Amino acid sequence: MKVKVILLTGSELRHKFFASFMSSYPNIDLRLVIHESNNKLKKNPLYKKYKTVKKHVDLRNKVENFFFQSFVKKNKKYKFIQIEKSEINDNKIFQLIKKEKVNFLISYGCSIISAEFINLFRPNFFNIHLGLSPYYKGAGTNFFPFVNKQLQFCGSTIMQIDKKIDGGKIIHQLRPDFNTEDNIHTIGNKIIKKTAFDLCKILTTKKRIKFYNLKSEFKTRIYKQKDFNQKNLMLATSNLKNKLIDKYIKKKNKMEKKYPIVSQL
């Protein structure tokens, strides 16, 4: 018997890949995808102001196309509705989801969900956080590890959604496999692909899903969209030019052991 799922997500290519992957996965019945309009990075004032930001954003789009475009073209066969950014918590969305009577509700890359919405669909309402919680929370949490020379904090967290941002109980975490040719964008897309696979595997397993509270002495770093700026981008770029990834690969096992993550698989 297939597991019934609804996905609340953004409308960029990465989000369409996630939906396409879930819809094509055996034993998952993706009943509905709600695509929310995203703020386009090219509309960010920094994009027109700085050549380095423009180059970064353009490369992001190019790498994303390389990773996801062909798969989406072949597998985008799911039912979806498109909504504006302000509509994610509308009552009509609540009622639409309630009508489907699904096993799991997943959010990834959409606006903050209201407490009313969360309470309505507990406990099987999960959120995809692209970052390792509780170490890094907020926005750009797979970008700032490149700024801070802390690549051990690149990854993703599947968690039970909570009204606190990235504050729910943890279900599963993962880290990407690094190689010397990687950059910020390839790592980000590797994480997305691996997260989609692991999530589908977790949802279709017959084992009882466990919930974890991961505690650490590491002081949580919290970032907002406004923290992405020319200065931080240049620092991340400089770190990459100075062999940041090569240095990390050499001490990877030691650093990952120091900052543990939890796995459902």
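Reply: The axes of helix 3 (residues 51–75) and helix 7 (residues 184–204) come within 9 Å and cross at roughly 40°. Axes here are lines fitted to C-alpha atoms, for helices over the stretch in contact, and angles run from 0 to 180 degrees between N-to-C directions. Helices are DSSP runs (H or I, at least four residues), numbered from the N terminus.

This is a predicted model: local features need pLDDT of at least 70, side-chain atom pairs count only at pLDDT 80 or more, and totals for chains, interfaces and linings use all residues. Residues are numbered from 1 along each chain as its sequence is written, and side-chain values use heavy atoms, leaving out hydrogens and water.

Helix 3 and helix 7 are therefore oblique to each other. Angles under 35 degrees count as roughly parallel, over 145 as roughly antiparallel, 65 to 115 as roughly perpendicular, and the rest as oblique.

Now the contact itself, meaning heavy atoms within 4.5 Å. Helix 3 brings His 56, Leu 59, Arg 60, Val 63, Glu 64, Phe 67 and Phe 68. Helix 7 brings Ile 184, His 185, Thr 186, Asn 189, Lys 190, Ile 192 and Lys 193. By class, the contact has six nonpolar, four polar and four charged residues. Ala, Val, Leu, Ile, Met, Phe, Trp, Tyr, Cys and Pro count as nonpolar; Asp, Glu, Lys and Arg as charged; the others, Gly among them, as polar.

Elsewhere, helix 9 (residues 244–258) bends by about 70° at Lys 251. The bend is the angle between axes fitted to the seven residues ending there and the seven starting there.

Methods. Helix = DSSP H or I, 4+ residues; strand = E, 2+ residues; numbered from the N terminus.
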